[in-house]
Amino acid sequence: MTKEKSNVKSMEGLPKCQTGIRGLDEITDGGLPKGRPSLVCGSAGCGKTLLAMEFLVRGAIQYNEPGVFMSFEESPKELAQNVASLGFDLNDLTARKKMSLDHVRIERSEIEETGEYDLEGLFIRLNHSIDSIGAKRVVLDTIESLYGGLANEGILRAELRRLFRWLKEKGVTAVVTGERGEGTLTRHGLEEYVSDCVILLDNRVEGQITTRRLRVVKYRGSLHGTNEYPFLIDEKGISVLPITSIGLQHDVSNERISSGIPRLDTMLGEKGYYRGSSILISGTAGTGKSSTAASFADAACKRGERCLYFAFEEAPNQIIRNMRSIGIDLEPWIKKGLLEIYAVRPTIYGLEMHLVKMAKLIDEFKPRVVIIDPITNLIAIGSETEVKSMLARLIDFLKAKQITALFTNLSHAGGALEQTEFGISSLMDTWLLLRDIEIGGERNRGLYILKSRGMAHSNQIREFLLTDNGIDLIDVYLGPSGVLTGSARAAVEVQDKISDLMRKEEIELKKRELERQRKAIEGQIAVLRAEFEGKEEEENMLTQKEKLQEETDIEARKEMAHIRKADVSTGNEPTKKGRRNIK
Amino acid sequence: MEDTQIKYTQEEFEEAIAKSGEERYVLRLYITGITPKSTRAILNVKKICEENLKGRYELEVIDIYQQPVLAKDQQIIAAPTLIKKLPLPLRRIIGDMSDKERILVGLDLRPKK
């Protein structure tokens, strides 16, 4: 599907006339065939008249193409009243010659048919209306009413055929509406005459929920979307939002944004989520999914980004109150216009309608962060495949706009935790699992990162605490008895502390003992040393004594020799050797 | 009370029938140019009026090609269309006026079968 500029020519060169209706020009690859009649059919109350009217009003206002509305059912007054709620002021447009309303009233009871006739009267009226304002667009709503007023079908058929040919010659882009018949597109086979473009509107009820859908049944000489597209009628007219899986062509961002929980950012490779990624938080009831989502919203608003919060379970005020209890105040953000909480019960619309509504709100609010809390409730209004396809399209839509989306998913207690109901986990870039850890008669919350594409993330389980100041993640106790949380963790930690203390005491004791022993040994060493010193002294004394003795001996001997007048042969004094020899 | 009321209505009814022979007819014939159908219609209407409403009818033939605004104002769809403006109720007789019986019905000169 390609969006193109005004009055686009498609590949075949077929000139197009933009309707100005949101989304319809995309589906039809530029608009309705210019200068030709198109048929809009559908059963009662599916929005034919409104679509036709919007085609004219948008033409008059946006493309400066005046239009003629020929109504066979409602009077101009009724028409003006009906569309006033959409902000279309028909009286003003008529006064400015941008629009001409002609009510063709046919009363069967007034009419008597006498022989041959034609519908030249109608042609003249139409021609006059077109020429008086220079109309480029014409609506005939619902021309089949003629069949109710006139009996001669043969004439009618021929005249309608002539009418459509005439419209083509006139070069106006016409929208002809027709009531849907049994097994045929229109009750009287209008599709036979209007063969260039046929649009079918439908209003189906499935499981007590109505969804309006639009389909281009046929469009000669042009590309067009072939799917059924849901559409919405609201205070701004019709929006057809062709949200199909656009493909995987979106840009990716390397920017990282905080999850609002510092510790979680650390776990996610230190920086948090990728911008434009899709994040799934799953967990059983009461595990803190919404709180995690609110933290993320809060963080986004703190960065000054807009955040759109789709709540399918709680009212905005309830969310605000509940989040305040964990220290997250969302109210200022709402007042500042950064946060919008859109709370609605899933069962209010069909699935497609939700998607259309969401897409519309996203287009209008232009958020950078979208939260959907929770997606699980959508299963109430659609089958598994439908929900999956819807979410896939929503994610594609958001990714294409670089909007970071956070989804919460309630998993059923007892079921496999690492499994989402719709098998959508493969669509997600980051998947956090919140779970209850039941130990010692209490439940505590734990958080894992199951996956996170494109970043090195922690594989650890963290205990998830909801405190007065927001969410805190702390390490769990990992011991020989496994993972412990809550009071069990606290108890074990105390136990650990005690045994730690005791061990320390013991070591201290041993140290003191050793010190004592060392000291004792040192004492002994001192005694021995003293003894040793004593012995040494003794030895010294002995040596001294001996020396003295020796000297005395020598002296004595000298004396003796002197006395004996002994002959000393070598020198005055004898050598030591000699002395020793003497000894 | 009830008797008199019924009496009155009955009287009124008879009076009305007696009057119907005198009522003035205001007729407009809308045609689209001089086509065989238009011509036939004009001739047929004139003939019927002369035969049935001689002296108490007013017939105007209007070409809506010349006055297209009238087509819108008078809610003309088919052509030719004969509108009986008076006496009420308003009736539209469409076609080339070749079915005399139906025209008489349309002009309330014959009861509807």
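**Close-up views of a predicted two-chain model**

**View 1. A strand of chain A meets a strand of chain B.** In β4(B), A:Glu113 has B:Ile94 as its bridge partner. The strands involved, β6(A) and β4 (residues 91-94) of chain B, pair in the parallel sense over three bridges. Pairing here means that DSSP finds at least two bridges between two strands. Helices (H or I, at least four residues) and strands (E, at least two) are DSSP runs, numbered from the N terminus.

A word on reading these views: this is a predicted model, in which local features need pLDDT of at least 70 and side-chain atom pairs count only at pLDDT 80 or more, while totals for chains, interfaces and linings use all residues. Residues are numbered from 1 along each chain as its sequence is written, and chains are lettered from A and ligands numbered from 1 in the order in which they are written.

**View 2. The side of chain A that touches chain B.** Here 20 residues of chain A are in contact with 30 residues of chain B; contact means that C-beta atoms, placed from the backbone, lie within 7 Å. On the chain A side, β6 (111-113) and α5 (120-133) each supply at least two residues. The largest share, six residues, comes from α5(A). By type, this side of chain A divides into seven nonpolar, four polar and nine charged residues. Ala, Val, Leu, Ile, Met, Phe, Trp, Tyr, Cys and Pro count as nonpolar, Asp, Glu, Lys and Arg as charged, and the others, Gly among them, as polar.

**View 3. The nine-stranded sheet of chain A.** This open sheet has mixed pairing and the order β5-β4-β7-β8-β3-β9-β10-β11-β12. At its edges stand β5 (99-103) and β12 (237-240) of chain A, each with a single partner strand, so one side of each is left without a neighbour in the sheet. Neighbouring strands are turned by 20° against each other on average, direction ignored. Look for β9(A) and β10 (residues 209-219) of chain A, which pair in the antiparallel sense over 10 bridges; A:Asp202 stands opposite A:Arg213 in β10(A).

**View 4. Helices on the sheet.** Helix α2 (residues 48-62) of chain A packs on the sheet, where the strands touched include β3 (37-42), β4 (67-71) and β7 (137-141) of chain A, and its direction makes about 165° with that of β7(A). Meanwhile α5(A) lies across β4, β5 and β7 of chain A, at about 165° to β5(A). Axes are lines fitted to C-alpha atoms, for helices over the stretch in contact, and angles run from 0 to 180 degrees between N-to-C directions.

**View 5. The loop around A:Asp196.** A:Asp196 sits in the loop between β8 (173-179) and β9 (197-206) of chain A. Not counting residues up to four places away in sequence, A:Asp196 touches A:Pro33, A:Arg36, A:Pro37, A:Ser38 and A:Arg220. A:Gly221 is 25 residues from A:Asp196 in sequence and 8.1 Å from it in space, C-alpha to C-alpha.

**View 6. Chain B on its own.** Chain B has four helices and four strands, running α-β-α-β-α-β-β-α from the N terminus on. Of its 113 residues, 30% count as buried.

Definitions and conventions:
Two residues are in contact if their C-beta atoms, placed from the backbone, lie within 7 Å. A residue is buried if 20 or more other C-beta atoms lie within 10 Å of its own, exposed if 12 or fewer, and partly exposed in between; C-beta atoms are placed from the backbone.
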